Amino acid sequence: MESNTETASDTDQLRKALAELRDQLVVERRTKLLMQKIGRADSLDELLEEISGFLKERWGFNGFGVQLLDDEHSELRLHKFYGIENPEDPIRKQMLAKVPLHRKSSISAKVALTQKPFYANYESTKEIERLPKIDREVVHAAGITENLMVPVTQSGETIGVVHLMSIGGKLDLEENDINEIQGFIESISINIQKEKRREELI
């Protein structure tokens, strides 16, 4: 009897391992396809749209924004926000706000300066009220329930900040997810930098 139980347990573990391996192979194929699409992108917007779609499919984010550092390295400016198709004027105003590059101005400024990611779950009102004014207004206006900010860096220099958001949903990201996402953003930072520089020359 014990032998049969052990055999069944071993079979279940093998099936689980094979399922995890299949899932991993699917992710690797999709990531490879994404990198090929990124390499063929004709503009920064096209590149970011591909990245946005991948992040939504892979981790469930339904909001994606990119702030880029200005030429003087004095402020972050929103390049584009994906997730709200026709934002109302108050939301658009908050999204387009320029963020001075000092830690107390915004969490995104702190992320850019420290080059470290920041993750927050805004289920609690207290968590929202602790935010700097700029961030608090955006969270309220857009209905953001979770937010992961990841620095975009290249050769030790900050290029911008990527915002990955859950709007009206719950993702409950774990540390492994955040580390994986950060690694992914690092792997495409050179593509973002190249497109940014190319468009600056046009």
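**Questions on a predicted chain**

The model is predicted; the chain averages a pLDDT of 82, and 86% of the residues score at least 70.

Colleague: In which helix of the chain is confidence lowest, and in which is it highest?
Modeller: The mean confidence is lowest, at 57, in helix 3, which covers residues 89-95. The highest value, 93, belongs to residues 107-114, and these form helix 4.

Colleague: How many helices and strands does the chain have, and what is the order from the N terminus on?
Modeller: The count is 7 helices and 6 strands. Read from the N terminus, the order of the elements is α-α-β-β-α-β-α-β-α-α-β-β-α.

Colleague: Is lysine 56 buried or exposed?
Modeller: This residue lies in helix 2, which spans residues 44-59. A residue counts as exposed over 50% relative accessible area. Lysine 56 has 52% relative accessibility, so lysine 56 is exposed.

Colleague: How far apart in space are lysine 56 and methionine 165?
Modeller: In sequence, 109 residues separate lysine 56 and methionine 165. From C-alpha to C-alpha, the distance in space is 9.6 Å.

Colleague: What share of the contacts with a separation of 6 or more comes from residues 24 or more positions apart?
Modeller: A contact here needs heavy atoms within 4.5 Å. Among contacts in the chain with a separation of 6 or more, residues 24 or more positions apart account for 62%.

Colleague: What percentage of the residues count as buried, and what area does the chain expose?
Modeller: The chain has 202 residues, of which 38% count as buried.

Key. Residues are numbered from 1 along each chain as its sequence is written. This is a predicted model: local features need pLDDT of at least 70, side-chain atom pairs count only at pLDDT 80 or more; totals for chains, interfaces and linings use all residues. Side-chain values use heavy atoms; hydrogens and water are left out. pLDDT is the predictor's confidence in each residue, from 0 to 100. Helices (H or I, at least four residues) and strands (E, at least two) are DSSP runs, numbered from the N terminus. Buried means under 20% relative accessible area, exposed over 50%, partly exposed in between (1.4 Å probe, protein chains only).
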